[in-house]
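This report describes helix packing, ligand surroundings and backbone geometry for a reader new to the structure. Please have the sequence and the model at hand while reading.

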Amino acid sequence: MDTPIKKHVLLAICGGIAAYKSAELVRLLRKKGLDVRVVMTVSAHEFVSPLTFQALSGNPVHLQLLDAEEENAMGHINLARWADVVIIAPATANTIAKCAHGLADDLVTTLFLAATCPLYMAPAMNQSMWNKAITQDNISKLESYGVVFIGPDSGHQACGEVGYGRMAEPADICQRVCEHLTVPMMAQPKISALAGVKVLITAGPTREHIDPVRYITNRSSGKMGYALACAALKAGAEVSLISGPVNLAEPVGVDFIQVETAAQMYEAAMARAADVDIFIAAAAVADYTPSLTENVKIKKICDQTSILLNKTQDILAAVALLTPAPFTVGFAAETHDLETYAQDKLRKKKLDMIAANWVGRAEGGFDSEQNALEVFWQNGRTSLAMASKTVLAEQLINSIATRFNEKKSRS
Ligand code: CTP
């Protein structure tokens with residue numbers, strides 16, 4: 001990615017275990033040719049030494065709000081003026097709360113208040129703290145003022161718990177900031193691109209039972225569908241997520257429907273599809289299901305055996321056939337002839353958009369953290385480069401929102 005030389009990034013680091021990841025972030029930002037200055041809260045330097053950031057950024061690290069020496073060199077107002085973009089990473093629940101209420105009792109919060117450039121926050125905290133209504137209120141408030149949140153990611157946390165609250169990966173934060181610095185402000189996605197829009201998403205694999213101990217499934221992790229649910233929420237949508245069995249935490253703020261089989265997913269989707277504006281079929285639904293599920297465990301009596309399979313109902317195609325149908329987005333995972341198959345599915349299933357990705361390659365695909373997408377619609381296409389599923393989901397939601405709003409304005 002081409003990034004203009006010497007754009008100014010002000011990185012504010014708060015006190016959390018994720019502060020160590022910010023060292024990598026500084027390194028990546030510098031590698032892109034950006035001029036990085038670091039400010040730290042008092043508790044941040046309990047976690048990582050300012051010297052580390054001084055060495056990595058090549059600039060003095062700012063620690064105190066009122067420090068005669070620093071004020072002479074570059075005071076907080078000058079620092080705020082200097083920045084083309086401010087990133088708070090990690091942003092703790094405490095700093096987020098202070099920023100949401102306009103408090104300015106340390107260097108980081110004062111800079112936040114003084115800065116007139118775009119502001120990004122990469123939250124990092126325990127999952128219960130993240131899920132607390134007060135934290136979510138603070139985030140909504142800051143988003144309504146134009147602050148852009150990157151992450152948090154879901155997974156194992158330093159405290160031993162599992163859920164949302166891990167700081168986004170430095171590479172993702174770096175990518176977002178670089179995109180911002182290369183793309184003119186007017187082209188930035190609107191935070192409220194889907195305000196009040198109802199979005200229904202399917203995610204994960206399904207399980208088709210052969211007998212009480214065996215089933216047919218696939219390698220889908222559900223990560224893309226869950227990331228899409230979070231991205232749609234961020235864009236202001238009311239989100240319902242129908243999920244097959246996955247190892248992911250239920251996203252906070254969505255209407256969550258747990259299912260197991262393709263038939264259950266079909267029922268759940270059809271019960272809601274007529275009442276939504278956008279339907280995104282990210283699930284890897286089984287195409288076939290055993291024609292008979294045995295009540296007892298099948299014994300290995302024969303040398304050879306076979307299972308008769310019946311085709312499942314195509315949820316995506318059925319939703320697209322509704323009148324009126326929601327804006328309908330499908331996925332296509334292909335090992336070859338990606339564009340041909342994707343365009344074919346777009347046309348045959350009467351979809352508004354289709355997002356296609358390669359499977360069976362070294363990078364990306366089913367249980368990977370990353371992916372890349374080729375997105376097609378009737379008279380257009382876009383390529384979304386290899387990125388984490390969180391970043392990719394936000395880009396795809398923006399693209400869907402643009403096409404959805406275009407279609408709405410035409411009708
Ligand atoms: N899909 C669905 N219901 C099904 C099967 C698929 O909603 N019973 C949706 C998936 O969620 C995805 C898209 O359809 O959005 C995938 O299209 P499909 O033609 O089923 O792709 P494949 O299963 O890969 O089919 P093929 O093997 O023919 O390529």
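Axes are lines fitted to C-alpha atoms, for helices over the stretch in contact, and angles run from 0 to 180 degrees between N-to-C directions. Helices (H or I, at least four residues) and strands (E, at least two) are DSSP runs, numbered from the N terminus. The model is predicted: local features need pLDDT of at least 70, side-chain atom pairs count only at pLDDT 80 or more, and totals for chains, interfaces and linings use all residues. Residues are numbered from 1 along each chain as its sequence is written, and side-chain values use heavy atoms, with hydrogens and water left out.

**Helix packing**

| Pair | Residues | Angle | Axis separation |
|---|---|---|---|
| H6 and H7 | 93–100 and 107–114 | about 40° | 10 Å |
| H1 and H3 | 19–31 and 50–57 | about 10° | 9 Å |
| H11 and H15 | 223–234 and 389–410 | roughly 55° | within 8 Å |

Angles under 35 degrees count as roughly parallel, over 145 as roughly antiparallel, 65 to 115 as roughly perpendicular and the rest as oblique.

H6 and H7 pack at an angle of about 40°, which means that H6 is oblique to H7. Their crossing is right-handed; a crossing is left-handed if the near helix is turned anticlockwise from the far one by less than a right angle, and right-handed if clockwise. With contact meaning heavy atoms within 4.5 Å, Thr95, Lys98 and Cys99 of H6 meet Val108, Thr109 and Phe112 of H7. By class, this contact of H6 with H7 has 3 nonpolar, 2 polar and 1 charged residues. Here Ala, Val, Leu, Ile, Met, Phe, Trp, Tyr, Cys and Pro count as nonpolar, Asp, Glu, Lys and Arg as charged, and the others, Gly among them, as polar.

H1 and H3 pack at about 10°, and therefore H1 is roughly parallel to H3. From H1, Ala19, Ser22, Ala23, Val26 and Arg30 meet Thr52, Phe53, Leu56 and Ser57 in H3. The contact of H1 with H3 has 5 nonpolar, 3 polar and 1 charged residues.

The axes of H11 and H15 cross at roughly 55°, so H11 is oblique to H15. H11 passes H15 in a right-handed crossing. The residues of the contact of H11 with H15 divide into 9 nonpolar, 1 polar and 4 charged.

**Ends of H3**

At the start of H3, a side-chain oxygen of serine 49 reaches to within 3.0 Å of the backbone nitrogen of leucine 51. After H3 comes glycine 58, with a positive phi near 75°.

**Ligand surroundings**

The ligand is surrounded by 14 residues, the closest being Ala281, Ala283, Asp287, Phe331 and Lys345; a residue is near a molecule if one of its heavy atoms lies within 4 Å of it. A backbone N or O atom of alanine 283 lies 2.6 Å from an oxygen atom of the ligand. For leucine 316, a backbone N or O atom lies 2.9 Å from a ligand oxygen atom. Lysine 349 places a polar side-chain atom 3.0 Å from an oxygen atom of the ligand.

**Backbone geometry**

Most residues other than glycine have a negative phi, and most peptide bonds are trans. The peptide bond from alanine 89 to proline 90 is cis, with omega near 0°, and proline 90 is in strand S3 (residues 85–91). Threonine 323 and proline 324 are also joined by a cis peptide bond, with omega about -5°. Proline 324 is in the loop between helix H13 (315–320) and strand S16 (327–334). Aspartate 337, although not a glycine, has a positive phi of about 45°; aspartate 337 is in the loop between S16 and helix H14 (338–348).

Conventions
Polar contact = N/O pair within 3.5 Å; in protein donor to acceptor, adjacent residues only side chain to side chain.
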